[in-house]
Amino acid sequence: TDGFEVTLVRRDFPILAEKVNGKNLIWLDNAATTHKPQSVIDRISYFYAHENSNVHRGAHTLAARSTDAYEGARKKVAQFLNASSPQEIVFVRGTTEGINLVAHSWGRYHLQKDDEIVITWLEHHANMVPWQILCRETGANLRVVPVDETGQVRLDEYARILSPKAKLVALTHVSNALGTVTPVAEMAFMAHRHGAKVLVDGAQAVPHLKVDVQALDCDFYVFSGHKVFGPTGIGALYAKPEILDAMHPYQSGGNMIADVTLERSLYQPAPQRFEAGTGNIADAVGLGAALDYVMAIGMETIDRYEHRLLAYGMEMLRTINGLRLIGTAKEKASVLSFVIDGFTTEEIGQALSQEGIAVRAGHHCAQPILRRFGLESTVRPSLALYNTIDEIDAMVAVLKKLTLSQRTTRWS
Ligand code: PMP
């Protein structure tokens, strides 16, 4: 179907052949991090074997190679997000650093007392704590858009919260705790009518769906490489060029200046202005290889395949007695959050782990949204393009056995 062959895809990921506890590894913790195809692993080795240098193009041959590789990766990120130019892409450590960069370099200069930052209840702590701090520093107020029973953002409440006081709307594209896909384009349109800028946390969107920053018309978009089959320690911030050009540096030092005297410094234009010091060159190149990998398959193809898996997973989980799915929005990607009556999420996570099945059990760095559903913790299997129907069946079989064993104990 769609020419998508999951068996072939799985062969590209060497770690999927690992055994854990004598069992085949079943990786359903993709929302925490994803595995790397051989092409990414090879690309990073190739860099260190043949191209390693700091990035100063003119200096010598290896410098030219590493600069070409690094700037080539920037181009791939731009293409992946459909940004209009690589100059709109800043390499950062990940989503967390991208958001902190915007809070420091844009937020501190654009927010004043009684202004408002609008977030949603769905946010990861990374898209919440920096704004809380910024509010304390500037006297601005944080407004939070509630969600409905399915875990979808309430647009009616959002419309009521928005006003000319709103200077920034910061929202997740896909919730890491529930899988909700938020209506980003519509929310950005509404924000812009009030003159607010829009930052999108794309950490959980990029591995699952086609992102087009121009179609979304967001002002900032951030993501982490490690969630999209690339290395840890690298990610990207997209910003509209007119905003990025006017922004102040985040960190300062080498590589980000055009000229320095003892009294003053002139900064480089964007994106170099935001990349002080020696960056994570090899991993940026590795990220480029990861994006090549998913773009070759096609994000729409990945999205379609994963949606079939997700629908199947929801259907099967619903057959388990006492299981409650958390997050049932119509628009949803990858994440199957649940709790089961009579079991702690830790017990469930342990039972799965014993069978080689990796899921997350915890608060997923998104405590407010779990508390919104009266919970401190859920079990969270999360899917990616290399997962299969058989793996979902294996997970469901473990859960069935666990819940049945409890019932026999209770009856005896
Ligand atoms: N936002 C969301 C929605 C996430 O899922 C994550 C990672 N769990 C982050 C932000 C933070 O990403 P990182 O830890 O890679 O900076």
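Is Asn387 buried or exposed, and what is its relative accessible area? In this predicted model, Asn387 has a relative accessible area of 1% and is therefore classed as buried, the cut-off for that class being under 20%. The residue belongs to the loop that runs between strand E17 (378–380) and helix H14 (389–411). Two polar contacts involve the Asn387 side chain. In one, a polar atom of this side chain lies 2.9 Å from the backbone oxygen of Trp27; in the other, the side chains of Asn387 and Glu391 are joined at 2.8 Å. When residues up to four places away in sequence are not counted, the residues touched by Asn387 are Val6, Arg10, Trp27, Leu28, Asn30, Tyr305, Leu309 and Ser382.

Between E7 and E8 the chain passes through helix H7 (residues 184–193), forming a β-α-β crossover that is right-handed.

Helix H7 contains Glu186. With a relative accessibility of 44%, Glu186 is counted as partly exposed. Its C-alpha atom is separated by 8.1 Å from that of Leu216, a residue 30 positions away along the chain.

The surroundings of the ligand were examined next. The residues around the ligand are Thr95, Thr96, His124, Ala126, Thr172, Asn176, Asp201, Ala203, Gln204, Ser224, His226 and Lys227. Among them, Asp201 has a side-chain N or O atom 2.5 Å from a nitrogen atom of the ligand. For His124, the distance from a side-chain N or O atom to a ligand nitrogen atom is 3.2 Å. An oxygen atom of the ligand, in turn, lies 2.8 Å from a polar side-chain atom of His226.

Several loop positions carry backbone features of note. Most residues other than glycine have a negative phi, and most peptide bonds are trans. The peptide bond between Ala270 and Pro271 is cis, with omega at about 0°. Pro271 is located in the loop between strand E12 (265–267) and helix H10 (281–297).

A positive phi occurs at Asn82, where the angle is about 55° although the residue is not a glycine. Asn82 lies in the loop connecting helix H3 (61–81) and strand E4 (89–92), and its relative accessibility of 30% places it in the partly exposed class. Ser334, also not a glycine, has a positive phi of about 70°. This serine is situated in the loop between strand E13 (323–326) and strand E14 (337–340). Which accessibility class applies to Ser334? Its relative accessible area is 4%, so Ser334 is buried, whereas Asn82 is partly exposed.

Methods:
Residues are numbered from 1 along each chain as its sequence is written. This is a predicted model: local features need pLDDT of at least 70, side-chain atom pairs count only at pLDDT 80 or more; totals for chains, interfaces and linings use all residues. Side-chain values use heavy atoms; hydrogens and water are left out. A crossover is right-handed if, with the strands pointing away from the viewer, the path from the first strand over the helix to the second runs clockwise. Helices (H or I, at least four residues) and strands (E, at least two) are DSSP runs, numbered from the N terminus. A residue is near a molecule or strand if one of its heavy atoms lies within 4 Å of it. A polar contact is a pair of N or O atoms within 3.5 Å; within protein, one must be able to donate a hydrogen and the other to accept it, and residues adjacent in sequence count only if both atoms are side-chain atoms. Buried means under 20% relative accessible area, exposed over 50%, partly exposed in between (1.4 Å probe, protein chains only). Contact means heavy atoms within 4.5 Å.
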